[in-house]
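Me: I have a model open and would like to go through it with you. Please keep the answers plain.

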Amino acid sequence: MNDIEIVKDTGVLTITLRRTDKKNALTGAMYEAMIMAFNDADGDAGIGAIVLRGSGGVFTAGNDIGDFLASAQTPSDMAAWRFVERLATLETPLIAAIEGLAIGIGTTLILHCDLVYAAPDARFRMPFVDLGLVPEAGSSLLLPKRIGMAKASEFLMLGESFDAAEAHRLGLVNAIVPNADLYAHAASRAAALAAKPRAAVATTRRLLRGNRSGLAARMREEAQAFSQALQSDEARKAFMDFMMRAKPKS
Ligand code: COA
């Protein structure tokens, strides 16, 4: 599909978000394409790492708000939920390269990555509460574990944004890399990882992650709460406000 580009090269599968006219906001079809790419990587012994990157100076503006508004489905039917579940069970090492905006799932997905590189202009934000929504992708569990409850509350409850420098200081990104070098750097780290003994990398990754049963349970809880929130008046109003604001000005 046009909005997602997938390239396999020397042991690395690269997924590029290319919906630049909509700041790479993620649609159901884009999630499905990424799920298929994850399945492909996990099933291909030739692939040792995945790079996930944006384009047009942006990582992603998060879930497509029009899709949220249209969605009267249950979370288990939503491609977004299938995507986060697949993300959490992915076996191939995942590297994110982030420049510009990383909103909503654009931020929460980095909690599932093995390595994250950010350009100096990267800006992270999880505005779930402002949209009448709640955290997803296990972020209500993983974020406080990674950065402490105080900062997690600032980011998830107040919806405050943070920049690359703060993300680096908090240990959410491995390094800040100039925009011009970002994608090449992520590709070189992915190639280095793909060239290492695969079984040793896989076992190390599994040990680093530890027991994931608590994560799966929390993600189910989040999915239920998110589903209820999606149907709420406050969420509908927030989506409508955005859609009206985003109407083409003629
Ligand atoms: N869903 C759907 N469309 C989106 C989108 C999203 N999450 N984010 C951006 N877009 C669209 C805009 O509607 C606009 O479309 P248009 O040109 O047809 O009007 C286009 O992308 C460009 O966005 P625009 O808002 O004009 O750019 P900006 O630079 O002024 O602002 C953002 C960029 C990302 C800060 C702003 O678009 C925004 O806040 N988006 C919503 C982010 C969000 O809340 N995501 C959900 C998280 S759970």
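Me: Alanine 137: buried or exposed?
Reply: Alanine 137 counts as buried, because its relative accessibility is 0%. The term buried stands for under 20% relative accessible area, exposed for over 50%, and partly exposed for what lies in between, with a 1.4 Å probe and protein chains only. The model is predicted: local features need pLDDT of at least 70, side-chain atom pairs count only at pLDDT 80 or more, and totals for chains, interfaces and linings use all residues. Residues are numbered from 1 along each chain as its sequence is written, and side-chain values use heavy atoms, with hydrogens and water left out.

Me: Where does alanine 137 lie?
Reply: Alanine 137 is in the loop between E7 and helix H5 (139–147). Its phi is positive, about 60°, although the residue is not a glycine. Helices (H or I, at least four residues) and strands (E, at least two) are DSSP runs, numbered from the N terminus.

Me: And what about the phi of asparagine 24?
Reply: Asparagine 24 has a positive phi of about 60° and is not a glycine either. This residue belongs to the loop between E2 and H1. With a relative accessible area of 0%, asparagine 24 is buried.

Me: Changing topic to the sheets: in what order do the six strands run?
Reply: The order is E1-E2-E3-E4-E6-E9, in an open sheet with mixed pairing. Strand E1 (4–9) and strand E9 (175–176) are at the edges with a single partner strand each, so one side of each has no neighbour in the sheet. Two strands count as paired if DSSP finds at least two bridges between them.

Me: Which helix packs on that sheet?
Reply: Helix H1 (residues 28–43) does, touching E1, strand E2 (12–17), strand E3 (49–53) and strand E4 (94–98). The direction of H1 makes about 175° with that of E2. Such axes are lines fitted to C-alpha atoms, for helices over the stretch in contact, and angles run from 0 to 180 degrees between N-to-C directions.

Me: How many residues of E4 are buried?
Reply: Five of the five residues of E4 are buried, so the strand is mostly covered. Leu94, Ala96 and Ile98 point one way, Ile95 and Ala97 the other way, and all are buried.

Me: How many bridges join E3 to E4?
Reply: Four bridges join E3 to E4, and the two strands run parallel. Valine 51 is opposite isoleucine 95 of E4. E4 and E6 are also parallel and joined by four bridges, with tyrosine 117 in E6 as the bridge partner of alanine 97. Strand E6 (residues 115–118) is in turn joined to E9 by two bridges, in parallel, and alanine 118 faces isoleucine 176 in E9.

Me: What is the order of the three-strand sheet?
Reply: That open sheet has the order E5-E7-E8, with mixed pairing. Strand E5 (101–103) and strand E8 (162–163) are its edge strands, each pairing on one side only. E5 pairs with strand E7 (residues 123–125) in the parallel sense over three bridges, and alanine 102 is opposite phenylalanine 124 in E7.

Me: On to helices. How do H1 and H3 cross?
Reply: The axes of H1 and helix H3 (residues 79–89) come within 9 Å and cross at roughly 25°. That makes the two helices roughly parallel; the term covers angles under 35 degrees, while over 145 is roughly antiparallel, 65 to 115 roughly perpendicular and the rest oblique. Among the residues making the contact are Tyr31, Ile35 and Phe38 of H1 and Ala79, Phe83 and Leu87 of H3. By class, the contact has eight nonpolar, three polar and four charged residues. Here Ala, Val, Leu, Ile, Met, Phe, Trp, Tyr, Cys and Pro are nonpolar, Asp, Glu, Lys and Arg charged, and the others, Gly among them, polar.

Me: What does alanine 79 touch?
Reply: Alanine 79 touches Gly28, Tyr31, Glu32 and Ile35, leaving out residues up to four places away in sequence; contact means heavy atoms within 4.5 Å. At 11% relative accessibility, alanine 79 counts as buried.

Me: And at what angle do H3 and H10 pack?
Reply: H3 and helix H10 (residues 213–230) pack at about 170°, with axes 11 Å apart. They are therefore roughly antiparallel to each other. The contact includes Trp81 and Val84 of H3 and Leu215 and Phe226 of H10.
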